[in-house]
Amino acid sequence: MRRIRPIALAVLAAALVLGAPARAAAQMPEHFENLQVLPKDIPRDSLLQIMRGFAMSLGVRCQYCHVQRQGADGRETFDFKSDDKAPKDKARFMMRMTRNLNTQVLPQVPHRRDPPVGVGCVTCHRGLPVPTTLDRVLATALDSGGAPAAIARYRQLRQETMASGRYDFSEGSINELARRLATQGKTAEAAALLEMNGEFYPQSGQIDFQLGEVYRARGERDKALVRYRMAQEKDPNNQQARRRIDELTGAAPAPAPRPR
């Protein structure tokens with residue numbers, strides 16, 4: 001579905017590419033039944049390319065949408081025309097949705113870029129069967145097991161999926177989650193996540209400053225002061241950190257540097 005005229009088959013015959021492509025492709029018939037979105041006379045090679053695109057975009061295999069049945073010889077075969085699996089219905093809906101976005105909605109965007117930007121499965125899925133974000137995954141872990149569960153989940157995902165691009169492991173993603181937690185009064189969780197983030201981004205003065213703000217809100221003056229000083233050491237132009245240091249030490253505010 002990546003700017004392929006996303007009209008689609010009864011199908012997300014997805015994973016011809018992720019596991020048993022030769023076996024699945026060999027079972028694909030020359031003529032297709034129960035095509036409800038893709039053209040009924042679509043060439044076999046064209047259909048295979050579309051299915052491979054789905055497989056890569058969602059990180060799934062053919063059986064995600066297609067029914068497998070065991071033959072008399074004990075071998076598993078695909079019943080491509082069957083509608084017994086719910087993901088196939090969802091696939092058809094999403095393919096129509098993508099087609100409408102690309103052909104009806106996006107062309108109305110004011111000052112649209114040239115060449116125009118389109119959407120496809122990978123735009124949202126990014127290799128995941130169900131689109132989600134790192135923020136949502138960690139929020140769920142926080143709700144179920146607190147900061148230790150969220151940190152363990154982050155480390156696991158970072159190790160297993162960082163190269164895939166499925167999640168945003170940039171410094172800012174955890175900083176923003178911690179900021180929201182702090183505004184909700186969940187300062188212990190915010191501090192724990194920021195401390196972890198600092199392991200991966202040790203040169204970041206922003207993480208230190210945010211930790212200073214969290215510890216200050218918790219009334220932990222000494223910890224806050226340490227972090228503000230670390231933030232200013234890493235970024236001498238951080239005037240916010242300088243002001244916080246002055247507030248906590250009772251020092252007179254340092255004069256602002258004169259423009260040169």
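**Close-up 1. Lys81 and its salt-bridge partner Asp79 in the predicted model.** Lys81 has a relative accessibility of 42% and therefore counts as partly exposed, since that class lies between the 20% limit for buried and the 50% limit for exposed residues. The side chain of Lys81 forms a salt bridge with Asp79, in which the closest N and O atoms are 3.5 Å apart. Asp79, at 16% relative accessibility, counts as buried.

**Close-up 2. Salt bridge between Arg244 and Glu247 in helix α10.** Helix α10 covers residues 239-249. Arg244 and Glu247 are 3 residues apart in this helix, which means that about one helical turn separates them. Their side chains meet in a salt bridge with an N to O distance of 3.2 Å. Arg244 counts as buried, because its relative accessibility is 18%. Glu247 is partly exposed, with a relative accessible area of 47%. Elsewhere, salt bridges with shared partners link Arg69, Asp79, Lys81 and Asp84 into one network. For the model, the count of salt bridges comes to 20.

**Close-up 3. Salt bridge between Arg180 and Glu176 in helix α6.** Helix α6 consists of residues 171-183. Within it, Glu176 and Arg180 lie 4 residues apart, so they are separated by about one helical turn. The closest N and O atoms of this salt bridge are 3.8 Å apart. Arg180 is partly exposed at a relative accessible area of 27%. Glu176 likewise counts as partly exposed, at 33% relative accessibility.

Close-up 4. Which residues does Ser173 contact once its neighbours within four places in sequence are left aside? The contacts of Ser173 are then with Leu134 and Asp168.

**Close-up 5. Helix α3 and its buried face.** Helix α3 comprises the 20 residues 86-105. At 1.5 Å a residue, α3 should span 28 Å, and its end C-alpha atoms are 27 Å apart, in agreement with that expectation. The buried residues in α3 are Lys88, Ala91, Arg92, Met95, Thr98 and Asn102. Seen down the axis of α3, the buried residues fall within an arc of 130°, so they line one face of the helix. Helix α2 (44-58) is included in what covers the buried residues of α3. The face of α3 turned away from the buried side carries Lys90 and Phe93, which are exposed.

**Close-up 6. Nonpolar surface patch of Phe93, Met94 and Met97.** These three residues together have about 280 Å² of accessible area. Phe93 is exposed and sits on the face of α3 turned away from its buried side. Met94 is also placed in helix α3. With a relative accessibility of 32%, Met94 counts as partly exposed, and it passes the limit of over 30% relative accessible area that applies to patch residues.

Terms used
Residues numbered from 1 in each chain as written. Predicted model: local features only at pLDDT ≥ 70, side-chain atom pairs only at ≥ 80, totals over all residues. Heavy atoms only, no water. Helix = DSSP H or I, 4+ residues; strand = E, 2+ residues; numbered from the N terminus. Expected span 1.5 Å × (residues − 1). Buried < 20%, exposed > 50% of the residue type's maximum accessible area, 1.4 Å probe, protein only. Arc of directions from axis to C-beta. Contact = heavy atoms within 4.5 Å. Patch = residues over 30% accessible without salt bridge, like charges linked within 9 Å, V, L, I, M, F, W, Y side chains within 5 Å. Areas by Shrake-Rupley, 256 points an atom, 1.4 Å probe, with all protein chains shown as cover. Salt bridge = Lys/Arg side-chain N within 4 Å of Asp/Glu carboxyl O.
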